[in-house]
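Thanks for making the time, everyone.

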Amino acid sequence: EIEGAQKLHVLEALLRLRQAACHPGLLDAARKTEEGAKLEVLQPLLEEIVESEHKALVFSQFTSLLAIVRRELDARGVAYETLDGETRMTDRQERVERFQADATKSVFLISLKAGGVGLNLTSADYVFLLDPWWNPAVERQAIDRTHRIGQTRPVTAYRLVARDTVEEKVLALQAKKREVADALFEGRTAGLKG
């Protein structure tokens, strides 16, 4: 059994491992200008989406990672909107409406927690999850921001996961949670141990 202070150290270590998997600048401010593997994958995909006049939602639970993405978008002259925990409720709907209505706003950067409730973003047809969340339902909810009444196009979702990192363990945990939830909904209890 892990005691209180030890539990905090373990959780902090897990957080640092997850941040390291996302971008070196999340652990060392001096490295924020480095590309990072996830940005190397994300940037060309976003450029293609912008050029083809599509729209994308980009989710992360780390607002510091979204800030790095924002810096890259600024450097490329890509118009975007942002939504995070600092966004006032009065500004939230305005940002959503601008993204929905303005064809030049191709990307919406959203913190995973801030984007969980009440967003209808059917103008987007691409979703990027930059880091896996412990709870698969939270990720599903993020993707579902585009699957609303009024969506007329197929939606493509990308989950960016760094190989050989703690992120793969998070995915394994998500799979286990889904398996348990599926078994409960189907009425199966045999083989499930608490």
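Let me begin with a definition: a residue is called buried when its relative accessible area is under 20%, exposed when that area is over 50%, and partly exposed in between, with a 1.4 Å probe and protein chains only. On that basis, 40% of the 194 residues of the protein count as buried. Please keep in mind that this is a predicted model, in which local features need pLDDT of at least 70 and side-chain atom pairs count only at pLDDT 80 or more, while totals for chains, interfaces and linings use all residues. Residues are numbered from 1 along each chain as its sequence is written, and side-chain values use heavy atoms, with hydrogens and water left out.

Turning to the fold, the protein has six helices and five strands, where helices (H or I, at least four residues) and strands (E, at least two) are DSSP runs numbered from the N terminus. Read from the N terminus, the order is α-α-β-α-β-α-β-β-α-β-α. The radius of gyration is 18 Å, close to the 16 Å of the globule rule for 194 residues, so the protein is as compact as a globular protein of that length; the radius is taken over C-alpha atoms, and the rule is 2.2 Å times the number of residues to the power 0.38. Along the principal axes, the C-alpha trace spans about 50 × 45 × 30 Å.

Now to the interior. A nonpolar core here is a set of buried Ala, Val, Leu, Ile, Met, Phe, Trp, Tyr and Cys residues joined through side-chain atoms within 4.5 Å. The largest one has 22 residues, and Leu42, Leu46, Val58, Phe128 and Leu130 have the most contacts inside it. At least two residues of this core come from each of α2 (37-51), β1 (56-60), α3 (63-76), β3 (107-111) and β4 (126-129), with α3 giving the most, five residues. Apart from this core lies another, of 18 residues, including Val96, Phe99, Phe108 and Leu129.

Which partners does Phe128 have beyond its neighbours within four places in sequence? Taking contact as heavy atoms within 4.5 Å, they are Leu42, Leu45, Leu46, Ile49, Ala56, Leu57, Val58, Phe59, Tyr158 and Leu160.

Finally, consider Thr152, which sits in the loop between α5 (136-143) and β5 (156-159). Is this residue buried or exposed? Thr152 counts as exposed, because its relative accessibility is 71%.
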